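Hi,

Here is the structure I promised to pass on to you. Have a look through it first, and then read my notes below.

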Amino acid sequence: MSKALDIERWNLECEFNNTDHRTDLNGVDRLILRRGQVFTISLYLRSGTFQPGVSSLEFVAETGPQPNEQYGTRASFGLSASIDTSRWSAAVTSPPGDMVALSLCAAPDAPIGRYTLTLGPSERIEFILLFNPWCPGDAVYMENEQSLEEYVLSQDGIIFRGSYKLPIPTPWNFGQFESGILDTCLQILDMNPKCLRNPGKDCSGRRNPIYVSRVLSAMVNCNDDKGVLLGKWTDGYEGGVSPLFWKGSVEILRNWDKQACQPVRYGQCWVFAAVACTISRALGIPCRVITNYVSAHDNNGDLVIERYINENGGLLKSGEMIWNYHCWVENWMSRPEFKSDFHGWQASDPTPQEKSEGVFCCGPTPVRAIKEGELTSKYDAPFIFAEVNADVVNIMKKKDGSTSKVTTYTYVGKKISTKRVGSDAREDVTHLYKYPEGSDEEREAFKKANHQNKLLQQQQNEGLHIAIKVTSDMRKGCDFDVFAVVTNNTQSDKKCRLVFGSCAVSYSGHMGNNCGFKDLLNVELSPGAERRVPLRLNYSKYGEQLTEDNLIRLAVLLIDFSNSQAMLAVRNIVLENPEIKVRILGEPKEGRKLAAEITLKNPLPEALENCCFSIEGSNLTSGQVLSERLGSSVGPGEDAKVKIYFTPTHSGMRKLVVDFDSNKLCHVKGYRNVIIGKK
């Protein structure tokens, strides 16, 4: 006859278990585990000893407000001779005595979240269970150790902004292991509308990373729910801060928590994506941020972006947009409902653009499905396919109300980028989304996607050709020239009108005011001739017009008088901010006070006022943003310089993210990688 163990107390061995489960950066004061992996606890008996075959111990693991064995949110199991990592199991690993070393394992498909584990009739312990990408039985299993280090454990990274001609690396502090962040991530799951409607079913769904990714895609924005961020792309940032204010996810998630789940103001695509990446990594789903340059927003599913221009080449307001770049995330997981090719990276977009199943969310959809044009794949494959493949059709609206099609040279889905594993360099992942332009494989993918426009697309008119060329001296604060280059490839003389315009533009495609304009009514070109037409952009004019994105849209409209055919070339240029230089003073070691000496040279022909530097870094600044304001203005060519002190808490490679803000240079970003030694 079996005899129940008489337990007096226990030791959860949090430091050993959390370190073994790679959750120790969350702290070692409570038990945080990954599913499908063995953990150990020590039981101390009040009376008697453990006797194999005689002593018994029953366990019940429960998660969520309505635990249910049918839903998988409740599991009952007893002691086994050995651990079985494919299911909930427990085994004693110590010799008979009054201390019992107990090994346990959660099923590799158990729902993630907060758990209560009952031992025997009444003893209870609590722990948090996460996805386990190190476990072959988990749907998020990833084989490569360097990739796991980057996509799960790395607390900082690089997000690419700027333009496809000049991708600009922006540092970001993901901070998924900072104090309180994991609890906030679990709270986000609990606040999602599906959980509020049916908590039992929602908690059951948390066994599946596809379900969790889709919930996060909806909950990072607040359009349908008590989500984290409110997006804003126009008309200032009253009542909140510019999206460029943020240096990381920690402050955003803490603000959401402090504000009783009211949305944080404001986010734009890279902020939505970065916060989604933080939450995914915190929960154990491998994740990376993706940037798609020249990204299409197709709101009617026809894979065509129609853009209307006026007779000067200026863009008229339209519901469909071309974003200079757009960011989303990829999460790594298997897709058992599809063929094996579709396992791996899944695109998911938390920026609220279009509704999916009645909710502002997008994905996850297999990246390979986008490449193959298999658009019936769940979820939202057609929308993401359009972002990287849509056709752009420009139509001129004339003053008399008539319209005519304009020959254009715009291609979407360029230089799709992410941070390289183990390096701050850019990795081009365009080949994961698209076959080479013009290849047989691309043609086959377009057939599957029913992308008729691309299939019927004819060769561009080789008669007259226009292009926009720039020089390397395009820096904010400078005057510089840009050039329209017109080539006559025909055998006859050509007379044309050339309109060369420029205006400030936001990264999402919203037009600002004029920065420079030229209208030449009589451009003559003999056969084979090339003509370069300069346009001078003066800081005195463009400086006041620029948005924080530092982008200027250049557009050249060429009208051939012999046949009234119009051609349009468009190029967005980004003006680089000055470099921030960071020097670390002191020996970088855990617990040792260091100083960051930070310098920025004013590149503008006018003084900078209200200058402020701030720094942030996981395990460097104790989860805080540290700031230092300058007491005086900084004249043209002068250095803004401060020292900010911080004390690292953990060893390893860390990224110190730096922000400079002033009246004329807004939220300039920089960073310094710091190797922190052990005490």
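**What I found**

Arg214 has a relative accessibility of 6%, so this residue counts as buried, the cut-off being under 20%. Please keep in mind that the model is predicted.

What does Arg214 pair with? Arg214 forms a salt bridge with Asp380, and their closest N and O atoms are 3.2 Å apart. Arg214 sits in helix α6 and Asp380 in the loop between α9 and α10, so the pair ties together parts that are 166 residues apart in sequence.

Lys655 and Asp424 also meet in a salt bridge, at 3.0 Å from N to O. This pair links strand β39, where Lys655 lies, to the loop between β25 and β26, which holds Asp424; the two are 231 residues apart. Lys655 is buried too, because its relative accessibility is 3%.

A search of the whole structure gives 33 salt bridges. Some of the charged residues form a network: Lys339, Arg368, Glu372, Glu374 and Lys448 are linked by salt bridges.

Now for the nonpolar side. The largest nonpolar core has 96 residues, and Trp172, Leu229 and Trp270 are among those with the most contacts inside it. Helix α8 (residues 269-283) gives the largest share of this core, 12 residues. Another core, of 56 residues, lies apart from it and includes Val482 and Leu594.

Finally, the domain assignment lists domain 1 (3-130), domain 2 (149-453), domain 3 (458-574) and domain 4 (580-676). The centres of domain 1 and domain 4 are 46 Å apart, taken over C-alpha atoms.

Best wishes

Conventions
Residues are numbered from 1 along each chain as its sequence is written. This is a predicted model: local features need pLDDT of at least 70, side-chain atom pairs count only at pLDDT 80 or more; totals for chains, interfaces and linings use all residues. Side-chain values use heavy atoms; hydrogens and water are left out. A nonpolar core is a set of buried Ala, Val, Leu, Ile, Met, Phe, Trp, Tyr and Cys residues joined through side-chain atoms within 4.5 Å. Buried means under 20% relative accessible area, exposed over 50%, partly exposed in between (1.4 Å probe, protein chains only). Helices (H or I, at least four residues) and strands (E, at least two) are DSSP runs, numbered from the N terminus. Domain bounds come from an automatic or database domain assignment. A salt bridge is a side-chain nitrogen of Lys or Arg within 4 Å of a carboxyl oxygen of Asp or Glu.
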